Amino acid sequence: SSAEMPSVEEILESDILDGYTFRLDELPEAAQKCASDWSFFIVTIGDVLSVGSKTDRGTIPVTIGDDSLPDETRTVWVPEHLEHLVDFGVGSRIVVTGRARETSFNEQVVYSINADGIYAIPYLKTDPGSIFESLGEE
């Protein structure tokens with residue numbers, strides 16, 4: 001009998017990803033690890049605050065937050081070949097795998113994530129169309 005694959009949620013709650021899971025306030029440390037080791041990847045979970053339009057480079061900016069950074073957000077850059085995975089709206093909770101990076105913008109240090117994988121947790125997922133309704137409601 002084959003063992004059943006654990007769910008994404010079960011994997012995230014186990015210790016299998018210890019050393020790879022980072023909260024948003026830990027992105028500076030994650031970016032350093034990614035910069036010094038090209039094979040290092042991170043896993044993070046965030047709540048979607050906005051889904052932007054595709055940029056000239058073909059990437060889609062998804063703004064996320066978590067309770068480690070109550071007053072700040074971070075951008076997840078979703079590459080064009082993963083565009084079909086952006087099937088969620090504002091208020092969804094997503095799991096992102098990828099590489100953290102540190103850049104500077106207007107002399108400010110900015111931390112973001114270049115996504116290699118993105119997954120909306122099914123029972124915490126809103127429709128892309130609900131973006132507009134969710135903006136005005138608290």
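Predicted model: local features only at pLDDT ≥ 70, side-chain atom pairs only at ≥ 80, totals over all residues.
1. A residue counts as buried when its relative accessible area is under 20%.

2. Phe22 has a relative accessibility of 7%, so Phe22 counts as buried. Phe40, at 12% relative accessibility, also counts as buried.

3. How many aromatic pairs does a search of the whole structure find? The search finds three. One of them joins Tyr20 and Phe41: the ring centres are 4.7 Å apart and the planes stand at 15°. Planes under 30 degrees apart count as stacked, so this pair is stacked.

4. Where do these two residues lie? Tyr20 is in the loop between helix H1 (8–13) and helix H2 (27–36), while Phe41 is in the loop between H2 and strand E1 (42–51). The pair therefore ties together parts that are 21 residues apart in sequence.

5. Are Tyr20 and Phe41 buried, partly exposed or exposed? Tyr20 has 31% relative accessibility and counts as partly exposed. Phe41, at 33%, counts as partly exposed as well.

6. Phe22 and Phe40 form an aromatic pair with 6.1 Å from centre to centre and 75° between the planes, which is edge-to-face. Phe22 lies in the loop between H1 and H2, and Phe40 lies in the loop between H2 and E1. This pair ties together parts 18 residues apart in sequence, because its two residues lie in those two loops.

7. Which residues form one aromatic cluster? The cluster is made up of Tyr20, Phe22, Phe40 and Phe41.

Methods:
Residues numbered from 1 in each chain as written. Heavy atoms only, no water. Phe/Tyr/Trp six-rings, centres within 6.5 Å; stacked < 30°, edge-to-face > 60°. Helix = DSSP H or I, 4+ residues; strand = E, 2+ residues; numbered from the N terminus. Buried < 20%, exposed > 50% of the residue type's maximum accessible area, 1.4 Å probe, protein only.
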